[in-house]
Amino acid sequence: MLLGDLLFALNDAMGKWLMTSFAVGQVLVIRSLGAFILLGPMIARQGPMALFRVEQKGLQFMRVAMATGDVALFYAAVAYLPLADVMTFYMAGPIYIAALSHFFLGEKIGWRRWLAVLVGFAGVVIALRPSTAMLSLPSLFGLAGSFSFALSLVMSRYLRSTSDTTLVTWQTVAALATGIALSIDHWQPATPIDWSGMLLLGVVATCAHLLITRSLKLAPASLLAPLQYTLLLWAIVLGYIFFNDIPDLQIVIGASIIVFAGLFIFHRKNLKETVPAEAVPPDGH
C-alpha cells in the first residue's frame, strides 16, 4: 500500500503536468494504452478467458465504474485546481473507507481508531488550506472522485478472490473506452516527449493499482486506508523537486499530525484479522 501510494503521487504529479496541455480524454486513452505494456504479459500468463470468469458480475461492474470515475474526475479536477486542493479532497478517502468498511465489510472500528482517523483528517485540513476555488464545479469533481476512489477500494477488498490482473484490466478497458468518448473533437497533436509521458503515466498508474489491489486482499481496508495519508508527504517532496514548492510551518505541522494518526491506527489494528494466505488467489502479482 505504501509503495502504491508513492506511485500514485508520481501519477498525480505527471497527470497535473500533462493536463496543462491536453484534454482529459486524450490523456486517458494514451494512459490506458500504456497500462497494457504491463497488463499484456500478465493477461497472457493467466489466460485471456480468465478475464470473463469473474464472481459477482454486478459488483465487478460497479467497481469498474467507480475506478473509472475516480481517474476521470481526478484529471478533470486537477486541470482547473491546484494539485494540493485536489489532494485535500482525496485525503478524505480514509474516512469514507473506514465508514464503508464498518457497515459493508464487517470490519469493526474501535473508537480510538475512529478518533485517530478524524485527527488525521484534521491534519490534512491544517496542512492543505482550502482555497476560494474549492466552491467551484471542479471542486465537486474532486469530491466525487475521492468518494469513487474510496468505493473502488472497498469493492476491491470484497472481491479479493478475483485475480489482480482481472481487476486492473477491466478498469483499464473502461478508462480506455471513456477516454475515447471524451476525446472526440478534443484530440491535439503532441511531441514524442508528450506521448512518452502519457504512456509512462499508464505504466506508473498500473503498478500503483496492482500494488494497492494486492494489499487490499491481504489486510482489512480500514487498516490500509489511513496509509493513504502518506500521499501528502510525497506531494510535499515531489512539489519541492518538480515545482520548487517549499512547505511552510503549517504544512509541516499538519503532515506530522497525519503521520502520527496513521501510525496509531496501524498500531491499534489486531494482526489476527489479516486475511489468511490460503484465502488469497496465488496469481503471483
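Aromatic pairs and nonpolar cores

Q: How many aromatic pairs does a search of the whole structure find?

A: This is a predicted model, and a search of the whole of it finds four aromatic pairs. One of them is formed by F52 and W170, whose rings lie 5.5 Å centre to centre with 75° between the planes; since planes over 60 degrees apart count as edge-to-face, this pair is edge-to-face.

Q: Which parts does the pair of F52 and W170 tie together?

A: F52 lies in the loop between α2 (24-46) and α3 (57-78), whereas W170 belongs to helix α8 (residues 164-182), so the pair ties together parts that are 118 residues apart in sequence. W170 has 29% relative accessibility and counts as partly exposed.

Q: Are F74 and Y75 buried or exposed?

A: Burial is read from relative accessible area, with under 20% counting as buried. F74, at 5% relative accessibility, is buried, and Y75 is buried with a relative accessible area of 1%. F74 and Y75 also form an edge-to-face aromatic pair, 5.7 Å centre to centre and with 65° between the planes.

Q: Which residues have the most contacts inside the largest nonpolar core?

A: The largest nonpolar core has 54 residues, and those with the most contacts inside it are V27, F74, Y75, V78, V86 and M91. Its largest share, seven residues, comes from α3. Leaving aside neighbours within four places in sequence, M91 is in contact with F121, V124, Q228, Y229, L231 and L232. Apart from this core lies another, of seven residues, among them A35, I43, V168 and L210.

Methods. Residues are numbered from 1 along each chain as its sequence is written. This is a predicted model: local features need pLDDT of at least 70, side-chain atom pairs count only at pLDDT 80 or more; totals for chains, interfaces and linings use all residues. Side-chain values use heavy atoms; hydrogens and water are left out. Rings of Phe, Tyr and Trp (its six-membered ring) pair if their centres lie within 6.5 Å; planes under 30 degrees apart count as stacked, over 60 as edge-to-face and the rest as tilted. Helices (H or I, at least four residues) and strands (E, at least two) are DSSP runs, numbered from the N terminus. Buried means under 20% relative accessible area, exposed over 50%, partly exposed in between (1.4 Å probe, protein chains only). A nonpolar core is a set of buried Ala, Val, Leu, Ile, Met, Phe, Trp, Tyr and Cys residues joined through side-chain atoms within 4.5 Å. Contact means heavy atoms within 4.5 Å.
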